[in-house]
Amino acid sequence: MTANFPEHASAAHLAPPPGCPAHGRAPETLYRLHDADVQADLVGVQEVLRAEYGPVAPVLVHGDLPAWLVLGHRENLEILRTPSVFSRDSRHWRDMAEGRVPPHHPLAPITTWQPLCVFVDGEEHRRLRGAVTDSLGRFESRGIRRHVTRFTDQLVDRFAATGQADLVGQFAAELPLLVMTQLFGMPDEHGPSLAAAVQDVLNGTQTAVASNDFITRTLQQLVERKRADPGHDFPSKLIEHSAGLGDDEIREHLRLILTAANETTVNLIANALRMVLTDPRFRAHLTGGHMTLPDALEQVMWDEPPMMTLLGRWATSDTRLGEQAIKAGDMLLLGLRAANADPAIRPDLTAPVHGNRSHLAFSSGPHECPGQHIGRAIADTAVDTLLTRLPDLRLAVPETELEWSTSLMYRHLVALPVQFTPSRR
């Protein structure tokens, strides 16, 4: 089965009424992943694409640029483990090289090449990633858990006496960056302002540029301060690493880790809490000792990984993948959530997968998430501490009323309203 991209994919389409299953399709029948109606049901659209095209489907992204959405588990692994054919270097992207991705394009901030470990392969990738991995590896989970417990208690103390809370806005969305500021060797008071700025940039608001400038200034000052007065923190470890990173490289990798760690860990915490509160068997296995919290998190990462779609890879030469003809310069989107639900490896999605870490929640291959041990430590300690503080935690609304906000890359739980017996510290 071969699907050729239309030569004029950006032609105006005859849009069906909103809510129609075909809404968001171009006349050439390709789904526009940037269409609001498609994003509202991206999980369902991915399964429609799987049924129609198999493990690799042609789609359109912002600006009606063509791309391949990879849905199969095996096909995603092939891409992730073959950087010589499917490169992380966006300079291979034909549409960008030919000027169809201007600076104001919605994907430009996350696809424009930068001298970061996530945009390079080969020897330069080993140099930069080695510095990041070695520096993150200097932090023991035990020390991270102490920070998580302290900040969890602080956040719970704010609402414990009220008997109700939103565990997304008042807990999951705040905790990871508070912990990361400690790993960065920053004062506690920097956490809230930095968290707000990072979220503002990710949301692409009108003040995103100003927030980005604030993050840059804050991290540049941090690098300068750590060069003068190093400590046991991530910036200092990067500075002293034998790879010899320059100040700009250090600052931008700090930004990368800060942003990536926050977004994915917020989702992991929220999704884990939702499963605890909405799946009686899940909670019973957890509280009854039949399942450990780390095992529970693995189940969550199979069913609701923190990142839905990973951008991106670019073909370095003509090749074939999942019976599709991939041309040099094509963009490929890694459908991590779809891969985890691939019928080829999970014919029964209700069957438990406790202890099975072959999911793609943290990607795989040379670019696998270098800080996943930190994300796991933050999430499982946060959930454990919260449930210990509020043992009768229960959902305050019917599960069907929970709302999601979906974009190309992420699927966020908007809110998680809960009730519990009011308590004091």
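Q: Is Asp-64 buried or exposed?
A: Asp-64 is buried, at a relative accessible area of 9%. Buried means under 20% relative accessible area, exposed over 50%, and partly exposed in between, with a 1.4 Å probe and protein chains only.

Q: What are we looking at, by the way, and how is it numbered?
A: This is a predicted model, where local features need pLDDT of at least 70, side-chain atom pairs count only at pLDDT 80 or more, and totals for chains, interfaces and linings use all residues. Residues are numbered from 1 along each chain as its sequence is written, and side-chain values use heavy atoms, with hydrogens and water left out.

Q: OK, back to Asp-64. Where does it sit?
A: In the loop between β1 and β2; strands here are DSSP runs of E, at least two residues, and helices are runs of H or I, at least four, numbered from the N terminus. Asp-64 has a positive phi of about 55 degrees, although it is not a glycine. Most residues other than glycine have a negative phi.

Q: And how do β1 and β2 pair?
A: They are antiparallel, over six bridges; two strands pair if DSSP finds at least two bridges between them. Val-61 has Leu-65 in β2 as its bridge partner.

Q: Why is β1 described as largely enclosed?
A: Because six of the six residues of β1 (residues 56-61) are buried. Val-56, Pro-58 and Leu-60 are buried on one side, and Ala-57, Val-59 and Val-61 on the other.

Q: Switching topic: how many aromatic pairs are there?
A: Three. Rings of Phe, Tyr and Trp (its six-membered ring) pair if their centres lie within 6.5 Å; planes under 30 degrees apart count as stacked, over 60 as edge-to-face, and the rest as tilted. One of the pairs is Trp-93 with Trp-314, tilted, at 6.0 Å centre to centre and 40 degrees between the planes.

Q: What does that pair tie together?
A: Trp-93 is in the loop between β3 (86-87) and α4 (94-97) and Trp-314 is in strand β5, so the pair ties together parts 221 residues apart in sequence. Trp-93 is buried at 0%, and Trp-314 is buried at 0% too.

Q: Which peptide bond is cis?
A: A cis bond joins Leu-311 and Gly-312, with omega about -25 degrees. Gly-312 is in strand β5 (residues 309-315).
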